[in-house]
Amino acid sequence: MSQAPVEWQPLIEAALQARQRAYAPYSRYAVGAALLTADGAIVTGANVENAVYPLGICAERVAVARAVHEGHTRFRALVVATANGGTPCGACRQTLREFAAELPILIVDGQGRVVLETDLTELLPYAFSPTDLPQG
Ligand code: THU
């Protein structure tokens with residue numbers, strides 16, 4: 001059975017709102033992320049930095065951790081909001097790949113304007129995934 005098309009506008013608004021709650025006093029680069037789960041929930045995240053710089057965590061991985069902890073392990077779409085349309089870092093791409101193979105992704109700027117329409121296979125080609133492991 002084919003899925004209904006993704007409704008992007010609520011996800012864009014959720015990502016923009018999430019971005020407002022970024023804790024980024026060091027980089028001053030606020031990021032918001034909004035995941036649409038397979039069962040239609042929207043789960044958001046924002047980056048959370050730390051005085052010990054390497055401990056900061058990206059918006060996308062906050063969203064993934066929140067979603068999984070709330071019982072969502074299948075994702076349908078992702079919106080990432082930054083000031084200038086930055087794309088998810090490599091660590092976030094791999095984290096997302098754990099839960100979705102062909103995730104459609106929209107990158108928007110601080111006003112919610114679409115900067116890039118892409119998907120996870122484009123951002124992370126030839127990915128290592130759970131099925132590469134013997135028990136996968
Ligand atoms: N950041 C994200 O939240 N997501 C990304 O995919 C790229 C980078 C955050 C990490 C750090 O808090 C700030 O943006 C600057 O790198």
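This is a predicted model: local features need pLDDT of at least 70, side-chain atom pairs count only at pLDDT 80 or more; totals for chains, interfaces and linings use all residues.
Tyr-126 belongs to the segment after H4, and its phi lies near 55 degrees, a positive value in a residue other than glycine. Most residues other than glycine have a negative phi.

Arg-28 also carries a positive phi, of about 60 degrees, although it is not a glycine. Arg-28 sits in the loop between helix H1 (8-20) and strand S1 (32-37). With a relative accessible area of 69%, Arg-28 counts as exposed.

Ser-129 is located in the segment after helix H4 (120-123). The relative accessible area of Ser-129 is 6%, so this residue is buried. The side chain of Ser-129 makes a polar contact of 3.5 Å with the side chain of Arg-97.

## Salt bridge

The model contains one salt bridge. Its partners are Asp-109 and Arg-113, whose closest N and O atoms are 2.8 Å apart. Side chains of opposite charge can pair when their charged atoms come close.

The two partners are placed as follows. Asp-109 is buried, at a relative accessible area of 8%, whereas Arg-113 is exposed, at 51% relative accessibility.

## Cysteines without disulfides

The count of disulfides is zero. For Cys-58, the closest cysteine sulfur is that of Cys-92, at 3.8 Å, which is too far for a bond. For Cys-92, the closest cysteine sulfur is in Cys-89, at 3.7 Å, again too far for a bond.

Cys-92 is buried, with a relative accessible area of 0%, while Cys-58 is partly exposed, with a value of 24%.

## The largest pocket

The largest pocket has a volume of about 190 Å³. Its lining comprises 15 residues, and those nearest its centre are Tyr-29, Val-31, Asn-47, Cys-58 and Glu-60. By class, the lining of this pocket divides into eight nonpolar, five polar and two charged residues.

How values were computed
Residues are numbered from 1 along each chain as its sequence is written. Side-chain values use heavy atoms; hydrogens and water are left out. Helices (H or I, at least four residues) and strands (E, at least two) are DSSP runs, numbered from the N terminus. Buried means under 20% relative accessible area, exposed over 50%, partly exposed in between (1.4 Å probe, protein chains only). A polar contact is a pair of N or O atoms within 3.5 Å; within protein, one must be able to donate a hydrogen and the other to accept it, and residues adjacent in sequence count only if both atoms are side-chain atoms. A disulfide is a pair of cysteine sulfur atoms within 2.5 Å. On a 1 Å grid over the protein atoms alone, a cavity is a set of points where a 1.4 Å probe fits but cannot get out, and a pocket is an open set with protein on both sides within 12 Å along at least five of seven lines; lining residues have an atom within 4 Å of a point. Grid points are joined across faces, edges and corners, and a volume is the space filled by probe spheres set on the points. Ala, Val, Leu, Ile, Met, Phe, Trp, Tyr, Cys and Pro count as nonpolar, Asp, Glu, Lys and Arg as charged, and the others, Gly among them, as polar. A salt bridge is a side-chain nitrogen of Lys or Arg within 4 Å of a carboxyl oxygen of Asp or Glu.
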